[in-house]
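Visitor: I would like to learn how to read features of a structure such as this one, taking each idea in general before the case at hand. Could we go through it step by step?

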Amino acid sequence: MGTPLGDRGWLEAAVVSGEVLVPGNEVRSHIWSLVDADRDGPVIHHLLTFTTDRRLSARRTIFALLYQLSLRNSHWPRVADAAEPALDDVDPQVRRSAAALLVATAQPDRTLSALDASTDPVARIALVDAISWDRGAQHHAILERLRRDLVPAVRLLANIAVFTREDPAAWPTLDDAIHADLEPSGGVLNWPGSRLELTGGEHWARVLTGLDREQDCYAWVERLTNRSESPQVRLEGVRMALAAMRQWRAAPGRLTPILTGLLEDEISEVRSTALHTVAASLTASRLAADELTALLDDPELGAVAATALGSVGDHRAVPHLVRLMLSDSDEPRLAEAFTAVARAGAAPQVPVAAARQILAALPDTCAPDLPMRVLAAFGPAAAAAVPELIARLEGAENDTPSCAIHVLGRIGPAAAAAATPLRRYPTQGATLALLHVTSDRGVADTYLAGRPEQPVRRDGIASALLTWLVEHGGLTARQHRQLWALFRAPGFGQLRSAGALWLHEGPAVAAELLGVLPDYLYDDLCGREALRVLAAMGSHARPVLDRLDRFVASRHRAGMNIGDFDAEMRADEMLHAAAIATRQKIAE
């Protein structure tokens, strides 16, 4: 940005509008760069003036921004000086944010003094939640006092903080104390501005999973979800069940019967939360398929039930998925569900017709994501949509119609009428689609001839083209060298080329493949592709059986970094199933 530092109007506009909290926003990035360059300079000075702004929205925004900035500036006295007075702000959200910011930027003694001086329950809860309690004598004494506090949520957090792996004898007493404070703590721990925005049950679940107390966690889920408990406590039991399923592979089998029993709860929030928890897991959704089917026509729960059922390939979901697509539903996993039912052999006619209907109602330059993904999922069975797809190729003006190109490639030879317009696009995606549509080896030969023998990692289609050539007549000597060059460069290209290498050379390259493929087994993007190649290798992959056995036998989910806990759980479920199937093929 070229805005002069002396002009602060842009800064105020960004705070008031909330732009400073939008990831990737230009103004936000500019602020971060200026603060990184001088964390106590004029920009932070001006930002701090908003901590006492009369506008509530500005105060809420600035404390959220300052907390994010503090993650890279742990000891920041100037910011702490602005945070501490805000513990008395009239707005509870600001008080919570200020408490988290104070803990992040002040020395521990100052934080503890603020906790001791505060009489406001909101600020005290937020401070106890944000403080990193160590095992020293001072903290132990404070926590013991807080365990007898008048505020239930403070007591709950203090009991959470004193759990230790070294003292399992104390666990039952702590569990009972947390249980007693669970209901009165409802609704006060996870309000906006809290450091983690976790409920009491979610805090407790973090302790149970962190200490690997699997059977205790299951027992508490069963106890908390009992009809004798209040709706608030039953909700916490469902939340604990979700945490357990994210942590332990056996949890869906153990807890799904409990969750399906709550699908008829008299409290709508309990029913909805239980359904979303079942839907989060593929294993749970498969176990609860009949119960999900019974909910398909429910006006409140039907959409979630349909996407959950569809995501495990159950054909009963298809008519409901189609209705959701036609109604422009915002269910986040609709495309995933369509992909799963297509893979499971669902009849393509109705979904393809619905996707075509949507495309026909939109301008040729528009390529809505969901209908395109549905057509891609059904591949050759979506051939009826070729005219609409060609129209998008020919109607594109400034943007490359990459969605249409991808779908045509998935349709393959049945999209032969698209060959001419595809040739007009000089993109890698169009080249790959043209190969699948025409089955013309010359397309791959020409592209690879124009690439160096040492393809760069950014070449996204070289391995796919080489694989196709191996399957359809073989490689030239130069293409063989290109294949080996791709295999020797770590990354997804290496993995994709491994399959082609096995097809081309067979057991002679088993040792080289086994030196590489196991490194990808725990990757959410690459793991199943690595397993596919290992399965193709059959008995020649037996040296990796011990690693597969350890992966399959693990009680815990594979560690992944997708950024979505539920997506990580489902990725582990798919990877685990693929590992079991691969192991069987290798051992045959």
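**Reading the helices, loops and contacts**

Guide: In H23, the buried residues are Leu370, Pro371, Met372, Val374, Leu375, Ala376, Ala377 and Phe378, where buried means under 20% relative accessible area, exposed over 50% and partly exposed in between, with a 1.4 Å probe and protein chains only. Helices (H or I, at least four residues) and strands (E, at least two) are DSSP runs, numbered from the N terminus. This is a predicted model, in which local features need pLDDT of at least 70 and side-chain atom pairs count only at pLDDT 80 or more, while totals for chains, interfaces and linings use all residues. Residues are numbered from 1 along each chain as its sequence is written, and side-chain values use heavy atoms, with hydrogens and water left out.

Visitor: How many of the residues of helix H23 are buried, and what covers them?

Guide: Eight of the ten residues of helix H23 (residues 369-378) are buried, so the helix is largely enclosed by the rest of the structure. The cover of these buried residues includes helix H20 (318-326), helix H21 (334-343), helix H22 (349-360), helix H24 (386-395) and helix H25 (402-411), contact being defined as heavy atoms within 4.5 Å. After H23 comes Gly379, with a positive phi near 55°.

Visitor: Which residues other than glycine have a positive phi, and where do they lie?

Guide: Asp328, which is not a glycine, has a positive phi of about 60°; Asp328 lies in the loop between H20 and H21 and, at 69% relative accessibility, counts as exposed. Ser439 also has a positive phi, near 55°, and is placed in the loop between helix H27 (428-438) and helix H28 (441-449), where Ser439 is partly exposed with a relative accessible area of 42%.

Visitor: Which residues of helix H13 are buried?

Guide: In helix H13 (residues 214-224), Glu214, Cys217, Tyr218, Trp220, Val221 and Leu224 are buried. They cover an arc of only 165° around the axis, which puts them on the same side of H13; the arc is that of the directions from the helix axis to the C-beta atoms. Among the elements covering the buried residues of H13 are helix H11 (171-182), helix H12 (200-210), helix H14 (231-247) and helix H15 (251-261).

Visitor: How many aromatic pairs does a search of the whole structure find?

Guide: Rings of Phe, Tyr and Trp (its six-membered ring) pair if their centres lie within 6.5 Å, and planes under 30 degrees apart count as stacked, over 60 as edge-to-face and the rest as tilted. The search of the whole structure finds four such pairs. One of them joins Tyr218 and Trp248 edge-to-face, at 6.0 Å centre to centre and with 85° between the planes. This pair links distant parts of the chain, with Tyr218 in helix H13 and Trp248 in the loop between H14 and H15, 30 residues apart.

Visitor: What joins the side chains of Asp181 and Arg155?

Guide: A polar contact is a pair of N or O atoms within 3.5 Å; within protein, one must be able to donate a hydrogen and the other to accept it, and residues adjacent in sequence count only if both atoms are side-chain atoms. Such a contact, of 2.6 Å, joins the side chains of Asp181 and Arg155. Asp181 is in helix H11 and is buried, with a relative accessible area of 7%.
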